[in-house]
Amino acid sequence: MQHDDFFRRELVQELRRVENLMRRESSVEKKIYYFSAAYGITSRTFRYSFTKDFLLADFVLQGAYNLLTDRLNRLKAGDKTVPLDDILFEEICDGLKLLADRIESKDNIQNALEKILVAAYVTTGPGNYLREKKDIIFGLG
């Protein structure tokens, strides 16, 4: 059990570090770069101390990273239809904080992952459309 507790603590510590680095950074590219460390640590963690929650977190974080990277590349190519605005990164940071809290307390992580995934999803065309229609509203939990 000490083995699993060690990896849980390391995971929580790294998620908190990622959140803090992202909050302090002004560059969108660097925010996304720091965010990649979140799925990096989940991937390493579940290989040493497997839980279904760590695997699920890894898939959601990696998927969110891929959505953010895709939008950034589209912006750089000239597609300005969907912005990467500050509120998205605030939601992701709030989700990372909640995820770290929930993992630390061994509580359900679904809400934390949903918060991160929805924030990343609005960087897609369909997700942004839902946001513009007010079907997706940030800051509601």
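**Close-up views of two helix pairs**

**View 1. Helices α2 and α3 cross each other in a left-handed sense.** The contact in this predicted model involves V28, E29, I32, F35, S36, A38, Y39, T42, S43, T45 and F46 on the α2 side. On the α3 side stand F54, L55, A57, D58, L61, Q62, A64, Y65, L68, T69, L72 and K76. By residue class, the contact of α2 with α3 holds 14 nonpolar, 6 polar and 3 charged residues.

**View 2. The axes of α2 and α3 lie 9 Å apart.** Helix α2 covers residues 28-48 and helix α3 covers residues 52-76. The two helices pack at an angle of about 155 degrees. Angles over 145 degrees count as roughly antiparallel, and α2 and α3 are therefore roughly antiparallel to each other.

**View 3. Helix α4 packs with helix α5, with their axes 8 Å apart.** Helix α4 is formed by residues 86-104, and helix α5 by residues 110-121. Their packing angle is about 160 degrees, which makes α4 roughly antiparallel to α5. Where α4 passes α5, the crossing is left-handed.

**View 4. Residues of α4 and α5 meet in a contact between the two helices.** From α4 come L88, E91, I92, D94, G95, L96, L98, L99 and R102. Their partners in α5 are N111, A112, L113, K115, I116 and A119. The contact of α4 with α5 is made up of 9 nonpolar, 2 polar and 4 charged residues.

Terms used:
Residues numbered from 1 in each chain as written. Predicted model: local features only at pLDDT ≥ 70, side-chain atom pairs only at ≥ 80, totals over all residues. Heavy atoms only, no water. Axes fitted to C-alpha atoms, helices over the stretch in contact; angles between N-to-C directions. Helix = DSSP H or I, 4+ residues; strand = E, 2+ residues; numbered from the N terminus. Parallel < 35°, antiparallel > 145°, perpendicular 65-115°, else oblique. Left-handed = near helix turned anticlockwise from the far one by under 90°. Contact = heavy atoms within 4.5 Å. Nonpolar A, V, L, I, M, F, W, Y, C, P; charged D, E, K, R; others polar.
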